[in-house]
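Please examine the sequence and the model shown here.

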Amino acid sequence: MTPRFALHTDGEDRASARDAWLPVFDPCTGAAWAEVAAADASDAEAAVAAAQRAAPAWAAQKPSERARWLERIADALEADAETFVTLESRDTGKPLALCRDIEIPRAVANLRFFAAAARTFGSESHHGEVGLNIVLRPPLGVVATISPWNLPLYLFTWKLAPALAAGCTVVAKPSEVTPATATAFARLATRVALPKGVLNVVHGEGAVVGEALVRHPAVKAVSFTGSTAVGRRIGALCGEQLKKVSLELGGKNATLAFEDIEPREAVGLVARAAFQNAGQICLCGSRLLVPRSRLDEWRNALRAELPSWTAGPPSDAVARIGPLASAVQATKVRAYLALAAQEGGAVLVQGRVLDSADPAGWWQAPAVVDGVGIGSRCATEEIFGPVLTLHAFEDEAEALAMANATPYGLSATVLTNDLARAHRVAASLDVGLVWINTWMQRDLRVPFGGNRQSGVGREGGWEAMRFFTEPRTVCLAT
Ligand code: NAD
């Protein structure tokens, strides 16, 4: 029987009100393998109503009690981790190792981290000037979290854990492209007896049910991770209502490798930053900037590295990456590779798609594109696939100008052993996050988010706890 991913509201699985279902495709074969409920505004309404009913009691719980709920869910997720690993890999085509070693453990870590945050979050007081001012931080009430398909459970929990820790009740809208683990997670929360209505999951098309949530007057804030185009739309809708919104959007991140870096030694890190998860991570380093004096050495290092970058199904242990997530995504990535030729570029070297891959799947061999200009569409627009463009700079000033030459400002990676240069460059990069001699190391306490077209606001650590609460200053006469 075809698996079905239902809505989970008020502690129960449900079909949508009109009993509509969308196909869920297996990116390894291009064939539908499951169905997901297609909710509309009436389902959003019901989910918000459930969250509203649950809100007063949840907000009234002590932070330490909410922390215990998050830990209970984390324990259950950890105990059942292999089920979630298999399900995430089935839904996305990702290698099992990526799900087992990084993504599902990170979902557990998100829950445990924000359990600790619930216990330790404080607020400031000010005195000695006028009065005694105490800042209270009550939860907002009902909030909506909207997440994408690229890191399904990882980003779903990244949003709902701080919301629940802060005392909000949640209506979560995962991507309709990858609904499996969010559904299983909601059931798991109900299984450990999380009070009904505290966490509700609605599925379906973003423009239908996602927008209904964003527009709903009882939804006090929207935490969104996804594309810049949709972020702009959600930002506008929230602006009309003066609704609090956090937007974590796209990226076109540079990896800057300076003269003192040996290409052969650094190429592994550069390739991982470009190609992990088939390049479908907002933080992927999709532009490599290298000194002109070392350009040929970089070309040779990339030629030597790329053959080890293989795309194939999770059942093939040799596969380092899975397929692209959808037919839309595959068409888009191929269109950019065709555009690269029109923009004066050429593929320098490619990895390969393994023989075990079903030809009907949405495979893309990782590729390095050489020769496109830094201002070309290929080098400024988010491709969101395993495509790395290569560019040469003359000096540090040009490297910086090139790194900042896109509308995005999410992250950058600086490779150098020159400490002064590393900090000088980091201070001038117009991005929310700079890695020096590393990539994708994430301390959950730090603010996370992007500048310019990469987003508005920050999540992570206290930033997320602040987002899901509203400060109220109480001034006592002294
Ligand atoms: P997307 O914007 O198409 O969809 C994201 C979510 O928004 C989905 O759940 C979708 O159903 C929903 N949605 C779509 N239209 C909507 C609307 N009008 N109203 C409300 N909700 C709507 O993004 P995607 O293709 O799923 O994800 C890829 C994008 O996400 C890339 O651009 C990537 O860079 C970005 N991303 C950013 C971060 C970050 O932290 N900055 C992290 C991961 C992914």
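Q: In the hairpin of S4 and S5, which residue takes a positive phi?
A: This is a predicted model, in which local features need pLDDT of at least 70, side-chain atom pairs count only at pLDDT 80 or more, and totals for chains, interfaces and linings use all residues. Residues are numbered from 1 along each chain as its sequence is written, and side-chain values use heavy atoms, with hydrogens and water left out. The hairpin has 6 residues between its strands. The residue with a positive phi, near 75°, is Gly-30.

Q: Over how many bridges do strand S4 and S5 pair?
A: Strands are DSSP runs of E with at least two residues, helices are runs of H or I with at least four, and both are numbered from the N terminus. Two strands pair if DSSP finds at least two bridges between them. Strand S4 covers residues 21-25 and is antiparallel to S5; Pro-23 has Glu-35 of S5 as its bridge partner. The number of bridges between S4 and S5 is 5.

Q: Do strands S1 and S5 run parallel or antiparallel?
A: Strand S1 (residues 4-5) is joined to strand S5 (residues 32-37) by 2 bridges. Phe-5 has Val-36 in S5 as its bridge partner. The direction of S1 and S5 is parallel.

Q: What area do domain 1 and domain 2 bury between them?
A: By an automatic or database domain assignment, the chain is divided into domain 1 (4-249 + 454-476) and domain 2 (253-443). The contact, meaning heavy atoms within 4.5 Å, takes 26 residues from domain 1 and 27 residues from domain 2. Buried area is the accessible area (1.4 Å probe) that two parts lose on being put together, summed over both. Carbon and sulfur atoms carry 61% of the buried area, which is about 1900 Å².

Q: Which helix gives the most to the side of domain 1 that touches domain 2?
A: Helix H3 (81-92), helix H4 (96-120) and helix H5 (152-166) each supply at least two residues of this side. With 5 residues, the helix that gives the most is H4.

Q: Which residue forms a salt bridge with Asp-10?
A: A salt bridge is a side-chain nitrogen of Lys or Arg within 4 Å of a carboxyl oxygen of Asp or Glu; the whole structure has 27, while the count between domain 1 and domain 2 is 0. For Asp-10 and its partner, the closest N and O atoms are 2.9 Å apart. Asp-10 lies in the loop between strand S2 (7-9) and strand S3 (12-14) and its partner in helix H1 (residues 41-60), so the pair ties together parts that are 43 residues apart in sequence. The partner of Asp-10 is Arg-53.
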